[in-house]
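Trainee: Hi! Could you walk me through this one, starting with the rings?
Mentor: Happy to. Here it is.

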Amino acid sequence: MAPISLFAVYIDDVVSRLSLSQRYFIILYADDILMISLSVSVLQNIVSICERELNLLDMQVNVRKSCCMRIGQRYSVKCADILSGDGTPIMWVDSIRYLGIVIVRFSKFKCLLDNAKRSFFFICKRFI
């Protein structure tokens, strides 16, 4: 049986507070959280709920390490700011690095694997 991290126990409470009627996806790995929604307003709602729950656990979102990105037909249209609980906007970016993969803002889901490939071959060279 795989060990369960304390963070996973905490974050389970956060995820259980989210409404199942909204269209969203949350991907968790270690202490990284990737939130995906079909609209900016749903994303704002998810961020607000997560932030409130984390505050109850004496944890907080690091807005400086957080960012937003839009993918889809309207990827180049400016979005409304997603605000943290204290009113600080979360940056909109053109690319996000998640677990070594770079996801880019585009009309369709697109990721760049160049850095991952370079790292893989660098490690392989050391064993040859």
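Trainee: How many aromatic pairs does the structure hold?
Mentor: The structure holds 1 aromatic pair. Y75 and F106 form the pair, which is tilted, at 5.9 Å centre to centre with 40° between the planes. Rings of Phe, Tyr and Trp (its six-membered ring) pair if their centres lie within 6.5 Å; planes under 30 degrees apart count as stacked, over 60 as edge-to-face and the rest as tilted.

Trainee: Where do Y75 and F106 lie?
Mentor: Y75 is in the loop between β3 (67-68) and β4 (82-83), and F106 is in the loop between β7 (101-104) and β8 (110-112), so the pair ties together parts that are 31 residues apart in sequence. Strands here are DSSP runs of E, at least two residues, numbered from the N terminus.

Trainee: Before I go on, what kind of model is this?
Mentor: This is a predicted model: local features need pLDDT of at least 70, side-chain atom pairs count only at pLDDT 80 or more, and totals for chains, interfaces and linings use all residues. Residues are numbered from 1 along each chain as its sequence is written, and side-chain values use heavy atoms, with hydrogens and water left out.

Trainee: Back to F106. What sits over its ring?
Mentor: The charged end of K110, 4.7 Å from the ring centre. That label needs NZ of Lys or CZ of Arg within 6 Å of the ring centre and within 35 degrees of the ring normal.

Trainee: OK, sheets now. In which order do the 3 strands of the open sheet come?
Mentor: The order is β6-β7-β8, with antiparallel pairing. β6 (95-98) and β8 are the edge strands, each pairing on one side only. Two strands pair if DSSP finds at least two bridges between them; β7 and β8 have 3 bridges. V102 stands opposite L112 in β8.

Trainee: And how many bridges join β1 to β2?
Mentor: 6 bridges join β1 (residues 24-29) to β2 (residues 32-37), and these strands run antiparallel. They form a hairpin with 2 residues between them, and A30 in the turn has a positive phi of about 50°. Y29 stands opposite D32 in β2.

Trainee: Last topic: S84. Buried or exposed?
Mentor: S84 is buried, with a relative accessible area of 8%. Buried means under 20%, exposed over 50%, partly exposed in between (1.4 Å probe, protein chains only).

Trainee: Which residues does S84 touch?
Mentor: E51 and V63, not counting residues up to four places away in sequence; contact means heavy atoms within 4.5 Å.

Conventions: Helices (H or I, at least four residues) and strands (E, at least two) are DSSP runs, numbered from the N terminus.
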